[in-house]
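Hi everyone, thanks for making time today. Please have a look at the model on the screen, and I'll walk you through a few spots in it.

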Amino acid sequence: MLKLSASFAALAVLLPLVSAQAAEWGQCGGIGWTGATTCVSGTTCVESNAYYSQCLPGLPTSTSSASGSSSTSTAKLQTVAKAAGKLYFGTATDNSELTDTAYTAILDDNTMFGQITPANSMKWDATEPTQGTFTFSGGDQIASLAKTNGMLLRGHNCVWYNQLPSWVTSGTWTNSTLTAVIQNHCSTIVSHFKGQVYSWDVVNEPFNDDGTWRTDVFFNTIGESYVPIALNAARTADPNAKLYINDYNIEGPGAKATAMLNLVTSLKQQNVPLDGVGFQCHFIVGELPQGLAANWARFTALGLEMAVTELDIRMTLPSTPALLAQQKTDYTTVISACMSVAGCVGVTVWDWTDKYSWVPSTFSGQGAACPWDQNFVRKPAYDGIAGAFQA
């Protein structure tokens, strides 16, 4: 009995030590952190940034880096983008993510990000859920964040076929009544954020991949004219904001890029206000289109600026060192293309961490598309971005 009692006593002494260790994937350090600073067996406390260290399984950081699974660059992406002559390196974010303090510790670093795009809170369903009744709380939160951090803000978006409230999609419209709805919606949201927004995606994704017009409530009712209607309303509401049309699969030459080029050429000829084209760049590892820079230069030759607005490069999971290496190459290619086009003002990733990427829920079996992984550890892609800006 004495031996048994002694064993319990020894166990009682050890329990506080065990409970004081952070679990696998748990936080184990960072500025202001008051919790456990050691990790359970089989994991290592790895610093992601000054504010956040995490217990990661496997080998120590140095071995992990050698295997090609993490970044080695110490550069800050906004800093190197600005030094390279670009206006910004930015990211999308969403309101629900802003309660994650480890996430915001990186997001708020304006040497890392110089621009923010709200992923959802300025879209039609979020801002005018019922006709004529506007709500801006979500957009205001991100606008305030941008202002506090000294970051540029991109408005996203005025007119898009998706995420529309049912009163828009199911309404019985005529050309004139829907024109008035577009004018009221665009002018109201752009006016609300006047002076806070650098650029607006006024029209988002107007084309199908074959270059035909997307059939939605706007095109079906008004035709191509809905585009200048929206652009004119936005210009009147905020004469100083840059006005963009934004789309995907127009990054390289092809039918859809040609359709966009023809549209913006026509708009310029008609003196419709348009300042830029956004190239979303939702790519797949190893499958980037050829001729990015040459294609983008066709648009800037018209006197427009352009931006990479929604960059991510997804892979089939699980990620491997080979896929991560190719992803690094692909990120390098995109940034290098922007660097070679004087009118490319900046690059925005569609959120910076895999933790909040839209990819896995949209493309089954795919993910790992962002420069940081789900644990906020920088991936080789980060080095690709930094190196291309510094080249």
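When I say helix or strand, I mean DSSP runs numbered from the N terminus: helices are H or I with at least four residues, strands are E with at least two. With that in hand, Gln131 sits in the loop between helix H5 (124-127) and helix H6 (137-149).

A word on the source: this is a predicted model, where local features need pLDDT of at least 70, side-chain atom pairs count only at pLDDT 80 or more, and totals for chains, interfaces and linings use all residues. Residues are numbered from 1 along each chain as its sequence is written, and side-chain values use heavy atoms, with hydrogens and water left out.

Back to Gln131. Which residues does Gln131 contact, leaving aside its neighbours within four places in sequence? They are Trp167, Trp173 and Val181, where contact means heavy atoms within 4.5 Å. Val181 is 50 residues away along the chain, with a C-alpha separation of 8.4 Å from Gln131.

Now, salt bridges: a side-chain nitrogen of Lys or Arg within 4 Å of a carboxyl oxygen of Asp or Glu. The whole structure has eight. One of them joins Lys256 and Asp209 at 3.1 Å, N to O. Lys256 is in helix H11 (residues 255-269) and Asp209 in the loop between strand E9 (199-204) and helix H9 (217-222), so this pair ties together parts 47 residues apart in sequence.

Lys256 and Asp247 are both buried, meaning under 20% relative accessible area, with exposed over 50% and partly exposed in between (1.4 Å probe, protein chains only). Asp209 is partly exposed, at 44%.
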